[in-house]
Amino acid sequence: MTDEPAQNSEPASPPPATGDVARRLEAILLVVEEPQSLVSLATAVGSPVPAVRQAIEGLVADYDGQTGGPVRGFELREVGGGWRLYVREEHDDLVSEFVNAQAPSRLSQAALETLAVIAYKQPVTRGQVASIRAVNVDSVVRTLLARGLITELFTDAETGAINYGTTDALLVNLGINSLDELPHISPLLDDGADGFDEEARR
């Protein structure tokens, strides 16, 4: 009788503990710009969906002060089928005032260009704006949000992407009553407003 050949395969690594999953999720959630589905989060942290769901529930309870600790100034909220960290509503004014105090009074060229795209293209997602400008616009969008010039209109139910539009504050700053008073875009672009809808070109 011959001996069975030795198995050289290494044993599979054990799944991360619940606490490790929660810490990994926090690291991801701190940097994401759009709500993330449980499947996306599970893929990002290398854990099964049930473990991620359990860790998410634990983080929500922790941030809401249900585990004996204080209620945090932020919350983990499910929006459009995905999860994302948000400032608690009662602190919105505080955060806006702080950001505005830190921000320069004049907008950068990048911010002005991004604001123009949103004004003419709205409702528009961050990805669509980045595609038109051919650059990453995450930080610029955050600046415009903090300045109150744009706002989150709605979240796409299928993709989880947030759609942005301009606010009345933009109209006030421009000295106009409605977006219909914006100048036609075609004469301002060498390529005839490549990337904009036909309606916007007219």
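Reader: What is the order of the strands in the open sheet of three strands?

Author: Keep in mind that this model is predicted. The pairing in the sheet is antiparallel. Read across the open sheet, the order is β3-β5-β4.

Reader: Which strands stand at the edges?

Author: An edge strand has a single partner, so one side of it is left without a neighbour in the sheet.

Reader: How many bridges join β4 and β5?

Author: β5 covers residues 162–166. One of its residues, I162, is the bridge partner of T155. β4 and β5 run antiparallel, and their pairing extends over five bridges.

Reader: Which helix packs on the sheet?

Author: Look for a helix that touches β3, β4 and β5. Its direction makes about 95 degrees with that of β5. Residues 109–121 form this helix, α5.

Reader: Now the space. Which element gives the most to the lining of the largest pocket?

Author: The pocket holds about 1000 Å³ of space. β1 (74–79), β2 (82–87), α4 (92–102), α7 (138–146) and β4 (150–155) each supply at least two lining residues. With six residues, the top contributor is β4.

Reader: How many residues in the lining of the largest pocket are charged?

Author: The lining has 32 residues, and R84, V87, V95, L145 and E152 lie nearest the centre. By class, 17 are nonpolar and five are polar. The charged residues number ten.

Technical notes
Residues numbered from 1 in each chain as written. Predicted model: local features only at pLDDT ≥ 70, side-chain atom pairs only at ≥ 80, totals over all residues. Heavy atoms only, no water. 1 Å grid on protein atoms, 1.4 Å probe; cavity = no way out; pocket = protein on both sides within 12 Å on 5 of 7 lines; lining within 4 Å. Points joined across faces, edges and corners; volume = space filled by probe spheres on them. Helix = DSSP H or I, 4+ residues; strand = E, 2+ residues; numbered from the N terminus. Nonpolar A, V, L, I, M, F, W, Y, C, P; charged D, E, K, R; others polar. Pairing = 2+ DSSP bridges. Contact = heavy atoms within 4.5 Å. Axes fitted to C-alpha atoms, helices over the stretch in contact; angles between N-to-C directions.
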